[in-house]
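User: I have a protein model open and want to learn to read it. Can you take me through some features?

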Amino acid sequence: MNHTQHDSYAAGYDAQVRAYNCYIADLVFGLCYEFIHPGQRLLDVGTGSGLSAQPFARAGLLVSGMDFSPAMLDICRAKGFFADLLQHDLAITPWPYPADHFDHLVACGVFHFIPGLESIFAEAARLLKPGGWFVFTTRFPTADLPGEPYTRHLAGDFEIFSHSQSYIETMLKQSLLTQLKLQK
């Protein structure tokens with residue numbers, strides 16, 4: 001996938017999310033609220049237009065954003081709450097941050113664009129300070145297929161991936177991350 005697909009709908013993305021009555025960013029924030037403190041550093045991985053990062057910024061966290069879409073990053077800059085923004089493709093590792101740099105990471109509405117998540121989880125584990133958390137959203141398939149980490153289908157022009165719960169559990173274990181909460 002290239003960023004031009006995402007650039008093409010960037011300008012209307014926030015309005016589209018509101019029109020769909022999508023509150024996933026609020027839910028993610030609510031699940032994390034007990035673990036955050038003002039002044040902590042958070043990286044929003046695949047930040048898009050910054051919707052999932054905004055509640056954390058309002059709560060006093062220093063929010064960094066990383067996305068491969070220049071148009072999405074322009075929208076983030078206009079919102080004015082990011083400590084810093086970086087254009088970078090998540091698939092290219094290592095990510096351009098030092099180890100143990102962030103207290104927390106969030107990846108909301110990103111994984112369904114990525115088939116294999118091994119490098120994402122490895123980078124999250126590398127970038128997190130001890131005791132930090134990594135919150136993410138993913139689509140679960142309607143049924144786990146034995147031995148298959150994900151299923152794929154088309155949604156318009158986008159190839160979408162649904163990751164099996166057993167695959168996510170394996171990624172957490174391999175990255176030495178502990179599941180604190182799960183919301184289906």
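User: Which residues of helix 7 are buried?

Analyst: Tyr167, Ile168, Met171 and Leu172 are buried in helix 7. Buried means under 20% relative accessible area, exposed over 50%, and partly exposed in between (1.4 Å probe, protein chains only). Helices (H or I, at least four residues) and strands (E, at least two) are DSSP runs, numbered from the N terminus. This is a predicted model: local features need pLDDT of at least 70, side-chain atom pairs count only at pLDDT 80 or more, and totals for chains, interfaces and linings use all residues. Residues are numbered from 1 along each chain as its sequence is written, and side-chain values use heavy atoms, leaving out hydrogens and water.

User: Where do the buried residues of helix 7 fall, seen down its axis?

Analyst: General idea: an α-helix has 3.6 residues a turn, so residues three or four places apart point the same way. In helix 7 the buried residues fall within an arc of 140°, so they line one face. The arc is that of the directions from the helix axis to the C-beta atoms. Lys173 and Gln174, on the other side of helix 7, are exposed.

User: What covers the buried residues of helix 7?

Analyst: The cover includes helix 6, strand 5 and strand 7. Contact here means heavy atoms within 4.5 Å.

User: How many residues does the largest nonpolar core have?

Analyst: General idea: in soluble globular proteins, nonpolar side chains tend to be buried together. A nonpolar core is a set of buried Ala, Val, Leu, Ile, Met, Phe, Trp, Tyr and Cys residues joined through side-chain atoms within 4.5 Å. The largest one here has 28 residues, and Leu43, Leu117 and Phe134 are among those with the most contacts inside it. Elements that each supply at least two of its residues include strand 1 (41-45), strand 4 (102-107) and helix 7 (165-174). Another core lies apart from it, with 19 residues, including Phe29 and Cys76.

User: Which residues does Leu117 touch, not counting those up to four places away in sequence?

Analyst: Leu117 touches Phe111, His163, Tyr167, Ile168 and Met171. Tyr167, Ile168 and Met171 are among the buried residues of helix 7.

User: Is strand 1 mostly covered or uncovered?

Analyst: Mostly covered: five of its five residues are buried. Arg41, Leu43 and Val45 point one way, and Leu42 and Asp44 the other way.

User: How does strand 1 pair with strand 2?

Analyst: Two strands pair if DSSP finds at least two bridges between them. Strand 1 and strand 2 (residues 62-67) pair in the parallel sense over five bridges. Leu43 stands opposite Ser64 in strand 2. Strand 1 also pairs with strand 4 in the parallel sense, over three bridges.
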